[in-house]
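I opened the notebook to go through this structure one topic at a time. The entries below record what I looked up, beginning with the packing.

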There are 2 protein chains.
Amino acid sequence: MQDGGSNFSMKRRDLLRMIGLTAGSAAMYQAMSSLGFAAESKFKQTTGLQGAPKGASVLILGAGIAGMVAAYELRQAGYKVQVLEYNHRPGGRNWSLRGGDSFTEMGGLTQHCRFDDGLYVNPGPWRLPYHHHGILSYCKKLGVPLESYVQVNYNAYLHSANAFGGKPQRYRTINADYRGHVAELLAKATQGGKLDAPVSKEDQELLLESLREWGALDKNFAYERGTTSSNRRGFDKDPGGGLSARPVPSTPLGLKDVLGSRLWSNLSAGEIYEFQTALFQPVGGMGRIGEAFGRELKELIRYNARVTAIQQDDHGVSVAYEDTNTPGQTLNARADWCLCTIPLSVLAQLPMNVSQPMTDAINAVPYAASVKVGLQFKRRFWEEDEHIFGGITYTDLPISNISYPSTGFHSSGKGVLLGAYIWGLNAYEFTAMTPEQRVRKAVEYGNQIHPQYKEEFEHGVAVGWHRSPFTMGCFGVWSEEARAQHYDNLCKVDGRIALAGEHASYLPAWQEGAVTSALDAIGRIHQRAMSGATA
Amino acid sequence: MQDGGSNFSMKRRDLLRMIGLTAGSAAMYQAMSSLGFAAESKFKQTTGLQGAPKGASVLILGAGIAGMVAAYELRQAGYKVQVLEYNHRPGGRNWSLRGGDSFTEMGGLTQHCRFDDGLYVNPGPWRLPYHHHGILSYCKKLGVPLESYVQVNYNAYLHSANAFGGKPQRYRTINADYRGHVAELLAKATQGGKLDAPVSKEDQELLLESLREWGALDKNFAYERGTTSSNRRGFDKDPGGGLSARPVPSTPLGLKDVLGSRLWSNLSAGEIYEFQTALFQPVGGMGRIGEAFGRELKELIRYNARVTAIQQDDHGVSVAYEDTNTPGQTLNARADWCLCTIPLSVLAQLPMNVSQPMTDAINAVPYAASVKVGLQFKRRFWEEDEHIFGGITYTDLPISNISYPSTGFHSSGKGVLLGAYIWGLNAYEFTAMTPEQRVRKAVEYGNQIHPQYKEEFEHGVAVGWHRSPFTMGCFGVWSEEARAQHYDNLCKVDGRIALAGEHASYLPAWQEGAVTSALDAIGRIHQRAMSGATA
């Protein structure tokens with residue numbers, strides 16, 4: 001996909017890296033979820049580290065979530081802490097783009113976000129599962145207010161360009177109809193004596209009773225047109241008050257049509273552990289967490305600091321960096337220990353004297369490609385016209401997701417959608433475009449689902465993570481094989497250097513992975529520091 | 001249940017009424033939902049009535065949602081409007097109890113709510129489905145801010161005193177395991193050729209593929225211990241970051257145990273049309289809607305006005321009432337038309353000269369019994385200890401529901417739960433108790449699910465709707481037969497009187513029923529008034 005036809009200037013080195021990473025990133029986020037790697041955090045409320053050896057210091061590379069959690073805890077334990085951060089802001093991938101923000105991607109193109117006041121898009125993480133206790137506890141400690149995030153919306157759409165003539169279907173109809181047909185098929189098989197081997201007669205009675213209720217079957221165990229099924233999938237004419245308010249039931253889609261549409265593949269989103277209710281988002285954008293950490297750790301963080309080399313010896317770690325405002329001039333920082341949270345995609349290119357196993361591990365983890373597009377519209381037509389309040393429309397178009405804001409419901413005025421959340425090959429294709437082209441494409445595709453796009457669209461921003469200079473990719477993708485061979489070597493303290501970040505966790509892509517990996521790593525650094533201090 | 005053992009003073013008349021209503025209210029709310037009667041509103045954004053005949057007047061009885069919607073629209077259309085309200089506040093069943101509020105129930109017992117600032121319980125309606133366009137549109141018009149209401153919480157409990165040794169199960173485990181077993185059974189039946197008759201070979205392939213994904217089956221179509229199932233039901237040891245963070249899968253419950261527990265009967269709550277995402281609640285309590293209407297219509301409403309008789313003649317309607325602060329003194333109000341929103345339970349006892357069919361209809365609708373208990377605790381232990389943020393725990397104990405607040409997540413300090421939402425026979429039993437006893441009982445039962453109750457409970461309030469003097473019941477229960485025979489007669493304009501309220505709708509118990517019935521009724525009054533004006 002990355003060919004000479006792409007009309008932007010791109011360094012050959014970047015191009016090669018992007019192509020090289022394609023192969024490894026075939027294991028996509030969705031696949032990982034079903035492998036169970038993105039799940040509940042093992043975080044338990046810690047009492048925090050205590051009693052740093054007198055004068056001990058830690059240099060932290062990266063003021064993302066991992067780096068700032070580490071800085072927060074190490075400072076509290078009594079360590080001298082310094083943080084070097086490439087960006088001019090804290091948070092890393094914890095980031096909200098708002099009106100007035102600018103962002104320059106690799107290749108040199110700069111986007112100026114022009115969203116109205118109060119509107120934002122989160123190019124990185126955007127939701128907080130209830131069981132991600134680590135990141136949630138820092139929200140509490142830092143006073144970051146949270147609000148509900150709506151993942152599954154029964155009135156949002158499931159869309160396939162090839163099913164139902166390309167007409168989007170409401171989630172509730174596909175959900176009710178799939179469930180109803182499954183329940184009916186199993187009920188009929190049970191009644192026909194087809195389950196006599198695996199299920200006892202007594203349990204068959206219970207099974208039938210449960211299927212009727214669960215699948216909205218009628219008294220004959222059929223999933224049919226009627227008030228029972230319509231009370232799941234919706235009515236043709238909805239009930240109301242007064243005269244002529246009698247409801248008219250709707251007619252379920254046939255099993256064959258439901259199966260053939262493949263829209264059922266979107267029915268498990270809300271069942272996956274991270275996407276189960278309750279979910280949260282910080283009021284005002286995910287970036288509020290990073291911003292709060294940044295304020296809390298103000299005096300510890302040096303921004304615009306691009307690390308160029310990491311060197312350890314028996315007594316400490318020296319890091320060379322340059323100020324991105326005055327490039328070419330090498331600065332140095334030194335501490336007893338170093339916690340490096342630089343994404344592996346970037347770290348792999350830096351000189352660093354660690355063991356061969358850690359070096360191999362750093363090189364073994366490709367980074368997923370992903371593109372997110374935020375679109376501002378003149379009005380919240382998805383609410384006003386279509387009664388969609390939060391949640392996600394799923395489509396097999398390259399944009400993959402349209403996500404509606406989970407806040408400001410029923411408000412007048414403008415709104416910002418997540419207009420695309422793109423993975424895999426499509427993400428590379430979109431990354432190869434200019435930001436303007438990405439936005440235009442997202443609007444074109446989205447218009448197939450929301451014809452209001454054409455009239456209502458104002459402007460947008462588009463972040464292709466492989467063009468993000470501070471991560472060069474979205475998150476570390478671990479194959480089962482790579483994890484078996486390299487994961488422990490990546491996480492072990494190497495001399496005086498330890499790594500942390502979502503890439504050093506079983507929760508890839510999630511901030512909780514960053515939090516728990518940072519706590520795990522500094523715990524082990526602290527142990528070493530303590531044993532050295534008492535030695 | 002109402003026997004001499006109940007230790008409160010109760011008028012014989014009230015007692016008889018309560019017993020008399022028991023029979024009819026067997027058709028419970030849940031049953032109604034599955035009959036499809038509580039469903040999407042037919043409300044379409046109206047342009048509103050226009051052009052009242054010069055000088056035309058309407059007297060509205062009741063400043064609940066129906067009465068105030070009518071007053072709002074009729075005033076806008078140019079009618080002279082007056083509203084008589086029994087309570088000292090607007091809203092009727094739209095009502096939040098907050099610290100400082102008092103409430104005297106039939107029998108004379110007064111409760112003083114002592115909740116801390118910002119905490120409340122909604123004794124009446126408490127959630128707004130996204131498709132209840134009428135009530136939502138008035139929230140928008142009146143500037144009532146809405147926030148997400150969490151109905152289904154995968155980390156809340158399903159509890160049966162007789163299943164799993166009385167140990168509450170997380171919603172996510174029962175949900176995942178029921179779904180997984182259903183999918184496995186159907187997959188095995190498909191593979192065993194048991195579905196060859198109803199499903200084509202081609203569709204069988206798709207069915208199998210869908211069941212694997214939808215039910216979290218493994219590659220052999222089995223629902224088994226592993227990361228795939230644990231990523232739905234949760235892990236024994238949750239994944240995290242760094243070393244020793246490897247997840248340990250959990251073991252699914254057996255089909256027999258899941259079926260025998262009957263906990264599956266709670267798995268459809270979020271599938272029912274009114275409980276599907278997105279759901280809302282007004283910030284600060286449901287009562288905010290009634291309060292906003294009250295401010296808007298301030299000069300139209302006379303509070304503390306107890307209607308004692310309704311009399312129409314050829315030219316208008318006269319209503320006798322007394323001020324509850326100076327009882328015994330009859331006051332009168334008169335207008336060209338009357339919209340009566342008084343609950344049928346109360347209206348049935350008032351002299352009113354309407355046709356026999358309308359009188360029969362008024363007498364045909366019993367009122368459901370329900371009790372709600374709000375409990376204040378010293379801390380939000382359900383969040384802090386159990387990570388339950390909003391949503392509902394379902395139990396087969398008489399308390400039926402424990403509902404956790406959908407707002408103030410992660411905040412320190414006190415919290416108020418809905419500690420009981422009681423229906424049917426249990427509701428009569430609780431209604432017969434003193435408020436204090438109801439609260440104590442709710443705490444005793446709840447303690448079986450949350451052992452923290454004993455330590456953390458402070459105080460509570462309990463509203464038994466059959467002891468509410470302004471409704472004498474919770475909502476009108478329509479049997480299919482009663483509806484066929486009486487519904488239209490209830491809704492038709494009778495001379496110069498029309499009725500409105502949730503009881504005059506296909507959306508019983510829902511505020512949307514009140515809104516749409518009011519709009520429907522005033523539309524027909526307006527037509528009559530116009531035709532009279534031009535006659």
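I take contact to mean heavy atoms within 4.5 Å. The model is predicted, and I therefore kept its limits: local features need pLDDT of at least 70, side-chain atom pairs count only at pLDDT 80 or more, and totals for chains, interfaces and linings use all residues. Residues are numbered from 1 along each chain as its sequence is written, chains are lettered from A and ligands numbered from 1 in the order in which they are written, and side-chain values use heavy atoms, with hydrogens and water left out.

**Entry: cores**

I looked up Leu211(B), and, leaving aside its neighbours within four places in sequence, I found it in contact with Tyr178(A) and Val182(A) as well as with Ala183(B), Leu186(B), Ala187(B), Ala216(B) and Leu217(B). I count a residue as buried under 20% relative accessible area, exposed over 50% and partly exposed in between, with a 1.4 Å probe and protein chains only. A nonpolar core is then a set of buried Ala, Val, Leu, Ile, Met, Phe, Trp, Tyr and Cys residues joined through side-chain atoms within 4.5 Å. The largest such core has 112 residues, and those with the most contacts inside it are Tyr178 and Leu211 of chain A and Tyr178 and Leu211 of chain B. A second, separate core has 54 residues, among them Tyr273(B), Ile289(B), Val493(B) and Leu519(B).

**Entry: chain A against chain B**

I noted that 98 residues of chain A are in contact with 98 residues of chain B. Buried area is the accessible area (1.4 Å probe) that two parts lose on being put together, summed over both, and for chain A and chain B it is about 8,500 Å², 58% of it on carbon and sulfur atoms. With a salt bridge taken as a side-chain nitrogen of Lys or Arg within 4 Å of a carboxyl oxygen of Asp or Glu, I have 6 of them between the two chains. One of these joins Glu271(B) to Arg179(A), with the closest N and O atoms 3.3 Å apart.

**Entry: cysteines**

How many disulfides are there over all chains? I used the rule of a pair of cysteine sulfur atoms within 2.5 Å, and the count comes to 0. Cys474(A) is buried, at a relative accessible area of 12%. Cys139(B) is in no disulfide either, the nearest cysteine sulfur being that of Cys474(B), 19 Å away; Cys139(B) is buried at 1%.

Helices (H or I, at least four residues) and strands (E, at least two) are DSSP runs, numbered from the N terminus. His459(A) has its place in strand E23 (residues 457–464) of chain A, and I count it as buried because its relative accessible area is 11%. A polar atom of the His459(A) side chain lies 3.4 Å from the backbone oxygen of Arg114(A).

Glu322(B) is in strand E16 (residues 317–323) of chain B and is buried at 13% relative accessibility. Its side chain reaches the backbone nitrogen of Gly328(B) at 3.0 Å. Leaving aside neighbours within four places in sequence, the contacts of Glu322(B) include Asn304(B), Arg306(B) and Gln329(B).

Key:
Polar contact = N/O pair within 3.5 Å; in protein donor to acceptor, adjacent residues only side chain to side chain.
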